[in-house]
Structure formats: structure tokens, C-alpha cells
Amino acid sequence: MIKLSNISKRYEGASAPVVDGIDMEVGAGEICVLLGPSGCGKTTTLKMINRLIQPSAGKIFIDGRDTDEFEVVELRRQIGYVIQQIGLFPNMTVEENISVVPRLLGWDKTKAKRRAAELLEIVALDPSIYLSRYPKDLSGGQQQRVGVARALATDPPVMLMDEPFGAIDPINRELIQDEFLRIQQQVKKTIMFVSHDIDEAVKMADRIAIFRGGRLEQFDTPDTILARPASPFIAGFVGADRALKRLRLVRAKDALCACECVARVGDSSARAQALLERHGVEQIVLLDAAGKPQGSLGVAELREIEGTLIAAHAKPVSGLARHSDDLRSVISSMFALGQAWLPTVDDEGRFVGYVSQAHIVDMLRLPAEVCA
Amino acid sequence: MKKLLSRCCALFACVAPLEARADSWLASIAQYRSDMIYQSIQQMTMVAIAGGLAIVVAVPLGVYLSRESGKQARFGQALMQALNMGQAVPKLALLALAMSVLGIGRWPSIFALWVATLLPIVLNTLEGLRAVPRALIEAATGMGMTPRQVLLRVELPNALYVIFAGIRTALAITVGTAPLAFLVGGGGLGELIFTGIDMNDFPMLLAGAIPTAVLAVLTDVLVGQMQMRLVSRGVTPQR
């Protein structure tokens with residue numbers, strides 16, 4: 001969808017190029033985070049895509065078309081653009097701000113207004129309240145939601161975001177990131193996203209491009225970058241706790257084990273004991289007819305029960321993981337509860353399997369040469 | 001008690017003639033009514049022409065000076081120097097200079113008023129435009145506005161509050177300076193004021209001075225109202 005082919009930028013009189021021979025390609029519907037320390041050329045690279053900065057050499061293609069073929073304002077109107085300072089126009093209401101590009105493209109006023117209301121709904125702001133407000137009446141987080149809505153106004157296939165959440169306090173940043181990912185699920189834009197925050201990159205990106213001194217150091221999925229950083233610089237940049245950061249990338253449903261090791265209300269005690277023995281575990285989860293966990297049973301308790309199991313036999317389970325939780329939060333609750341495993345349930349509360357510490361450790365183990 | 005009463009009577013005896021004098025003053029000011037009206041109109045016409053022309057010239061000039069490019073910047077600096085010097089010249093001297101070049105009458109007065117009004121508007125236009133955050137211009141450009149659209153839809157509306165402040169200051173100067181026009185044959189309320197001074201005729205002087213003050217206040221209120229109407233609520237600090 002976006003293809004950069006040997007892009008360079010050198011300012012007149014400067015000895016070294018700011019951006020040096022970048023080659024990369026971002027697929028449709030992907031979020032690509034450009035990551036690196038300040039002055040590494042990531043923002044310059046981003047601005048060359050909508051030609052706010054003209055490349056010295058190389059070509060950029062969007063959807064197969066050379067961006068040089070476009071009239072420059074036409075090109076920019078087709079690309080959503082969000083900047084760190086948000087850049088809402090203080091003289092315009094929220095509605096007018098969102099309608100800027102639609103009006104530039106000649107939409108009539110009612111259509112633009114309808115679209116603005118629709119977009120405010122998407123970014124979780126009530127149109128009846130916020131359409132007529134001015135930017136100065138909004139909090140920083142609300143302003144950036146409007147900034148995102150404005151970039152989405154004409155439903156452009158490509159969006160460029162220059163540290164969009166950088167100026168927002170940490171609590172609201174988490175919220176707006178989650179919100180943005182939810183919106184992206186619906187709209188499926190191809191997004192270039194500049195950040196200097198590795199955690200943000202790992203959370204948002206389908207692919208991360210790490211820049212250093214104007215060169216592309218590594219361009220890969222977040223998991224690969226964390227698991228196999230291509231150079232000591234990247235290893236240092238992503239941090240010594242990179243294995244822990246990987247936990248965020250895996251959902252509980254992808255780390256399940258021993259799904260068949262369960263007892264159901266009505267099963268015989270003997271069968272449950274046999275299962276425990278076969279899987280070599282100490283406890284088994286008891287499910288009701290709907291598949292919802294009722295509690296757990298240990299070997300000692302099972303021995304005392306004769307005949308069939310009923311819900312009253314089980315000790316209540318101390319904690320559950322949800323299948324959509326990431327492993328970081330699952331591990332965190334394991335540590336808090338002092339447990340080595342947690343039963344995991346789906347959205348309806350039905351049991352889907354276990355997440356265990358031993359299994360996670362296995363999953364995340366790196367090949368020996370990377371650990372060194 | 002008797003003493004007190006007599007004192008009160010004495011005080012009243014002192015005040016009563018004053019009251020009578022105030023009445024007679026009002027009456028003697030009122031006798032200039034037709035002059036006041038005629039000269040007010042004359043003076044405000046000059047103010048309107050000079051002020052209007054100043055706005056029409058100064059705002060585009062300020063916009064031009066705010067565009068940065070090499071050659072223009074040098075020219076801009078020279079122009080600003082000239083305007084600053086123009087501001088330093090006393091208004092009366094300005095009138096005298098205008099008269100020596102353009103002769104006597106209305107137009108030299110209008111010219112001098114125009115020059116005096118120019119600078120605050122140019123300065124405020126320039127400062128207002130410079131104060132528009134770079135991020136707004138970058139966002140506007142990045143969204144696909146042409147430079148002209150950026151100027152008209154983003155820069156000027158956001159600078160408008162400061163530009164209006166300049167216009168307000170400028171017009172206050174013009175209205176205040178306008179009576180001097182009489183000295184170069186431009187007419188206006190200066191006729192009553194200066195003649196009043198010369199003839200030591202206090203009511204005549206007041207007949208010129210009071211309308212001048214009232215007109216200055218009215219002008220300020222009018223421009224203030226325009227500022228409220230025309231400047232977006234989003235860029236007005238106190239709203």
C-alpha cells in the first residue's frame with residue numbers, strides 16, 4: 001500500500017543525509033510504527049510521504065502510484081494527517097475542524113455535518129454536545145480524539161500520524177491508544193505512525209521500523225524485534241526487559257494448554273482422578289453443564305468423594321483469566337494470587353483451557369545465541 | 001443653633017449661583033449646536049476615510065511582511081524602520097509637513113491622519129500572524145490547503161483578535177488627532193476648540209472638546225462590537 005523505494009533526504013550544505021536510502025513497504029490495513037531516538041530521521045521520512053518535505057532521491061508509491069504524479073494538495077487531501085501538537089484550528093468549532101478536508105473537496109454543508117457527527121460517535125464523543133464546541137473548551141485527550149476524527153473525515157485509505165499521543169498524560173494515553181486500536185479494527189487504515197516510545201510501538205504496531213542516524217536498522221514484527229533484535233543498538237533501545245514486553249503481544253487464548261483436563265458436574269469422581277493422574281497435575285476445574293467453571297478440586301478432595309461430582313464439592317477458584325487478556329496481565333494476576341496456573345474463559349464465561357507459568361516460559365524461551 | 005442655621009444659609013447662597021451658572025453654561029454650549037453637528041460630521045468623515053484607507057493598506061502590508069523570503073525580509077525591515085520613524089514624528093509636525101507638501105484643506109489632513117494610523121495596524125497584523133502556532137500551519141498544509149487557503153482560513157482568522165486590537169488603538173489615535181486638522185484648514189471640531197482657546201471662550205471650547213471625547217468613546221465601543229462579532233469565539237481570550 002505504501003512503498004518507499006531508496007528514499008533519501010539531504011539538506012543543502014549538510015555533510016550527512018538526514019534520511020539515507022530507506023526501503024520499506026507497508027501492507028494495506030497495517031500499522032507501521034517508525035521508531036527511534038530523536039533526530040533519527042523518522043519524522044522526516046513520514047513527512048516525505050505527504051511531500052511536506054521533498055525527498056532528495058528515491059520514489060514513494062501509494063497504492064502503486066508514484067506520489068510525484070499527484071498534484072501536491074490533491075495528494076495531501078487523500079492522506080489523513082495527525083500531529084503531536086494536534087493542530088486543531090482554534091477559530092473553528094469541532095464541526096468545522098472535522099469538515100475542513102470534506103469542504104476542501106467540495107462536499108455540501110449538510111453532508112459534512114452528518115459525517116462530523118458520525119465521526120464524533122466513533123471517537124466516543126457525544127455529537128450533540130461537542131459539535132459546536134471550540135477546541136479551547138476541550139481537554140487534551142478530547143482534542144486529540146477530534147484530531148483523529150478530522151484525519152478520518154474523508155475516509156482516506158492512508159493515515160500519517162506524527163507522535164499523535166505524545167502530548168497526552170500517561171493514563172489518558174493508554175485509553176486513547178486502546179480506543180484508537182478499536183477504531184482501527186473498524187476502519188482498517190494503512191497507518192504510518194511515528195513514535196519514540198517502545199511500549200507504544202509494541203502495543204500499536206503490526207510492524208516496527210527502527211531508525212538510527214537516518215538509516216533503517218530493522219523492519220519487522222514487534223515480536224521478532226523483541227525476540228531477535230538485529231543489532232546491539234536495537235537490543236539496547238528495546239530494553240533489557242524485552243522478553244517481558246513480549247508478554248503483551250500474546251493473548252491468553254494463544255497460550256492455552258491441557259484443554260481436556262476438566263471435570264463436569266455429573267462426571268464420576270474416579271474419572272476425574274484418572275484425568276489428574278494422566279496430566280500429572282494437582283487440581284482440576286469443575287464445570288457446570290454450560291461449561292462455566294464452578295470451582296476446583298484437588299486430589300485429596302476427589303478421594304473423599306464417592307460417585308458423581310456436584311457443584312457443591314468444589315472449592316471456588318481464586319482467579320480467572322479471560323481469553324482476550326494479554327499475557328502480561330495474566331501473569332500479573334498469577335503473581336498476585338500466588339498461583340502457577342489460571343483457568344481461562346471466553347467472553348460468555350465458558351472454560352476454554354489453562355494458562356500456566358511453565359507453558360509461558362516455554363513459549364517465550366529464546367534460542368541460546370540470542371540470550372547471550 | 002442659630003449660628004449653624006446662618007452657616008447653612010451662607011453655604012446655600014454660595015452654591016445657588018453656581019447652579020445657575022451651570023445652567024447658563026449648558027445654554028451657552030447649546031448655542032453652538034449646529035456647529036457641533038456640522039463639524040462632528042466633517043471630522044468623522046475625515047476619520048472614516050483616513051481609518052478606512054489605513055486598514056485597507058496596512059492589513060495587506062502586514063500580511064506581506066509576514067511572508068518570509070530573503071529579498072522581501074530586507075525590504076520589510078526597511079519598511080518597518082520607516083513606519084517606526086513615521087510614528088515618532090509628532091502628529092502636529094506630520095500635519096505641518098503634509099500641509100507644506102499638499103497645501104491646505106481636507107486632503108492633507110486626511111493624509112496625515114492616514115500615516116499616523118498606519119503603523120499600529122501593520123505592527124499588530126504582523127505580530128498577530130507571527131503568533132499563529134507553526135503547528136496550525138503545518139496541520140493545514142498537511143491536510144491539503146493551498147498557501148492562500150492557509151492564510152485566509154487559518155492564519156488570518158486566528159490573528160484577527162490581535163489585528164482588531166491594532167485597529168482599535170489606531171482609530172483612537174485618529175479620532176484624538178483629528179481636531180488638529182483645523183490648523184491646516186481641514187475643518188472639524190478643532191474649529192470650536194482652537195477658536196474657543198483663542199477667544200478665551202470657555203463654552204465654545206467645551207462645545208468642541210465634549211463631542212470629540214464622546215466620539216472617541218463611541219468609536220472605541222463600535223470597533224469593540226465589531227471585534228466581538230467578527231472574531232471567532234474560539235480565539236477571543238475572555239470568552
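This note describes selected parts of a predicted model in numbered points.

1. Conventions. Residues are numbered from 1 along each chain as its sequence is written, while chains are lettered from A and ligands numbered from 1 in the order in which they are written. The model is predicted, and local features need pLDDT of at least 70, side-chain atom pairs count only at pLDDT 80 or more, and totals for chains, interfaces and linings use all residues. Helices (H or I, at least four residues) and strands (E, at least two) are DSSP runs, numbered from the N terminus.

2. Strand E3 of chain A. This strand spans residues 31-35, and five of its five residues are buried. A residue is buried if 20 or more other C-beta atoms lie within 10 Å of its own, exposed if 12 or fewer, and partly exposed in between, with C-beta atoms placed from the backbone. In a regular strand the side chains alternate between the two faces of the sheet. A:Ile31, A:Val33 and A:Leu35 lie on one side of E3(A), A:Cys32 and A:Leu34 on the other, and both faces are covered.

3. Partners of E3(A). Two strands pair if DSSP finds at least two bridges between them. E3(A) pairs in the parallel sense with strand E8 (residues 190-195) of chain A over five bridges, and A:Phe193 in E8(A) is the bridge partner of A:Val33. Strand E9 (residues 207-212) of chain A is joined to E3(A) by four bridges, and these strands also run parallel. Here A:Ile210 in E9(A) stands opposite A:Leu35.

4. Strand E6 of chain A. E6(A) is largely enclosed by the rest of the structure, because five of its five residues are buried. A:Ile79, A:Tyr81 and A:Ile83 point one way from the strand, whereas A:Gly80 and A:Val82 point the other way. Five bridges pair E6(A) in the parallel sense with strand E7 (residues 158-162) of chain A; A:Met159 in E7(A) is the bridge partner of A:Gly80.

5. A three-stranded sheet in chain A. Strands E14, E15 and E16 form an open sheet in the order E14-E15-E16, with mixed pairing. E14 (321-322) and E16 (351-356) stand at the edges with a single partner strand each, so one side of each is left without a neighbour in the sheet. E14(A) and E15 (residues 341-345) run parallel and are joined by two bridges, and A:Arg322 stands opposite A:Val345 in E15(A). Helix H15 (residues 327-337) of chain A lies across E14, E15 and E16, running at about 130° to E15(A). Axes are lines fitted to C-alpha atoms, for helices over the stretch in contact, and angles run from 0 to 180 degrees between N-to-C directions.

6. A helix pair in chain A. Helix H7 (residues 140-151) and helix H8 (residues 170-187) of chain A pack at an angle of about 25°, with their axes 11 Å apart. H7(A) and H8(A) are therefore roughly parallel to each other. Angles under 35 degrees count as roughly parallel, over 145 as roughly antiparallel, 65 to 115 as roughly perpendicular and the rest as oblique. The contact is made by A:Gly141, A:Gln144, A:Arg145 and A:Val148 of H7(A) and A:Asn172, A:Ile176 and A:Phe180 of H8(A). Two residues are in contact if their C-beta atoms, placed from the backbone, lie within 7 Å.

7. Chain B as a whole. Chain B has nine helices and zero strands. Of its 239 residues, 36% count as buried. Among contacts in chain B with a separation of 6 or more, 74% come from residues 24 or more positions apart.

8. A helix pair in chain B. The axes of helix H8 (residues 190-198) and helix H9 (residues 202-230) of chain B come within 7 Å and cross at roughly 155°. That makes H8(B) roughly antiparallel to H9(B). Residues that meet there include B:Leu192 and B:Ile193 in H8(B) and B:Phe202 and B:Leu205 in H9(B).

9. Where the chains meet. The contact takes 19 residues from chain A and 17 residues from chain B. On the side of chain A that touches chain B, the elements giving two or more residues are helix H2 (72-77), strand E6 (79-83) and helix H4 (100-104). In helix H6 (residues 134-142) of chain B, B:Leu136, B:Ala139, B:Ala140, B:Thr141 and B:Gly142 are buried. The cover over these buried residues of H6(B) includes H2 and E6 of chain A together with helix H7 (147-177) of chain B. H6(B) is followed by B:Gly144, whose phi is positive, near 100°.
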